[in-house]
Amino acid sequence: MDIDREHAFGLFGSISAFILLLSPLPTFIHIWKKKSVEKFSAFPYIVAFLNCGLWLLYGLPWIQQQRSLLMMTINGLALAIEMVYLMLFVLYSKKEKRMKILFIILSEIVFIVSLAILVATLVHCHKKRSTIVGTSCIVANILMYASPLTIMTANVMGAILGLLQLMLYVTYYEYT
């Protein structure tokens, strides 16, 4: 079987993505056993759901002119896995958190469907469709990889601002 370099890298990327998708499995086994999400955040999985939905959209033939079966397959599988993770969050969350998660997921679905409809009806060139949806994918991808940092962001920002304050103090101390 002759596999060209592009397909080999695509296959390697898909296998790597699948392994990455399974990395939160211990967390969800813990949630399932405890029947509680405890202090775990749903945010990384909500953003991953959006990311996978957008990349699945990007791989569709009316967005991408070239063959994107591998991209559609891994992102379809990823979307299904993220749905299972989010269902566990919804199942084992308190009512107010559950409603918030469901609202955000519904909003993401509406966003993806709206983007698909708008791009399909208003943009008549594959290249422009690909650019618009691809840009959305890149933004969602960055958000997905940054999302676990939300746990520490407030502390990091406080530390950075405190450091800046100290630097200003040291810089202008002799002038006061």
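Colleague: How many residues does α4 have, and what span is expected for α4 at 1.5 Å a residue?

Modeller: This is a predicted model, and in it α4 has 23 residues. The expected span is 1.5 Å times one less than the number of residues, which gives the 33 Å expected for α4. From the first C-alpha to the last, α4 reaches 33 Å, close to that value.

Colleague: How do you know what span helix α5 should have?

Modeller: Helix α5 covers residues 95-122, which is 28 residues, and at 1.5 Å a residue these should span 40 Å. The end C-alpha atoms of α5 are 40 Å apart, so the two values agree.

Colleague: Why is I74 called buried?

Modeller: The relative accessibility of I74 is 13%. Buried means under 20%, so I74 counts as buried. The residue sits in helix α4.

Colleague: What does I74 touch, leaving out residues up to four places away in sequence?

Modeller: I74 touches S14, A17 and F18. Contact means heavy atoms within 4.5 Å. I74 and A17 are 57 residues apart in sequence, yet their C-alpha atoms are 7.6 Å apart in space.

Colleague: Which elements do the buried residues of α4 pack against?

Modeller: They pack against α1, α2, α3 and α5. The buried residues of α4 include I74, N75, E82, Y85 and F89.

Colleague: And what covers the buried residues of α5?

Modeller: The cover includes α3 (43-59), α4 and α6 (126-146). Among the buried residues of α5 are I101, E108, A116 and V119.

Colleague: Why is F9 called exposed?

Modeller: F9 has a relative accessibility of 57%. The cut-off for exposed is over 50%, so F9 counts as exposed. F9 lies in helix α1.

Colleague: Is I29 buried, exposed or partly exposed?

Modeller: I29, in helix α2, has a relative accessible area of 39%. Buried needs under 20% and exposed over 50%, so I29 is partly exposed.

Colleague: What makes I29 part of a nonpolar patch?

Modeller: Patch residues need over 30% relative accessible area and no salt bridge, and nonpolar side chains are joined within 5 Å. At 39%, I29 passes the area cut-off. I29 forms the patch on the surface with L11, I15, F18, I19, L22, L25, L70 and L77, and together they have about 730 Å² of accessible area. The elements that give two or more residues to the patch are α1 (5-22), α2 (25-34) and α4 (69-91). The largest share, five residues, comes from α1.

Colleague: Where does UniProt list a "transmembrane region"?

Modeller: The unreviewed UniProt entry lists several such regions, including 43-63 and 69-92. In the model, residues 43-63 are 81% helix and 0% strand, with end C-alpha atoms 28 Å apart. Residues 69-92 are 96% helix and 0% strand, with end C-alpha atoms 35 Å apart.

Terms used:
Residues numbered from 1 in each chain as written. Predicted model: local features only at pLDDT ≥ 70, side-chain atom pairs only at ≥ 80, totals over all residues. Heavy atoms only, no water. UniProt positions renumbered as here; feature names shortened; annotations may be inferred. Helix = DSSP H or I, 4+ residues; strand = E, 2+ residues; numbered from the N terminus. Patch = residues over 30% accessible without salt bridge, like charges linked within 9 Å, V, L, I, M, F, W, Y side chains within 5 Å. Areas by Shrake-Rupley, 256 points an atom, 1.4 Å probe, with all protein chains shown as cover. Salt bridge = Lys/Arg side-chain N within 4 Å of Asp/Glu carboxyl O. Buried < 20%, exposed > 50% of the residue type's maximum accessible area, 1.4 Å probe, protein only.
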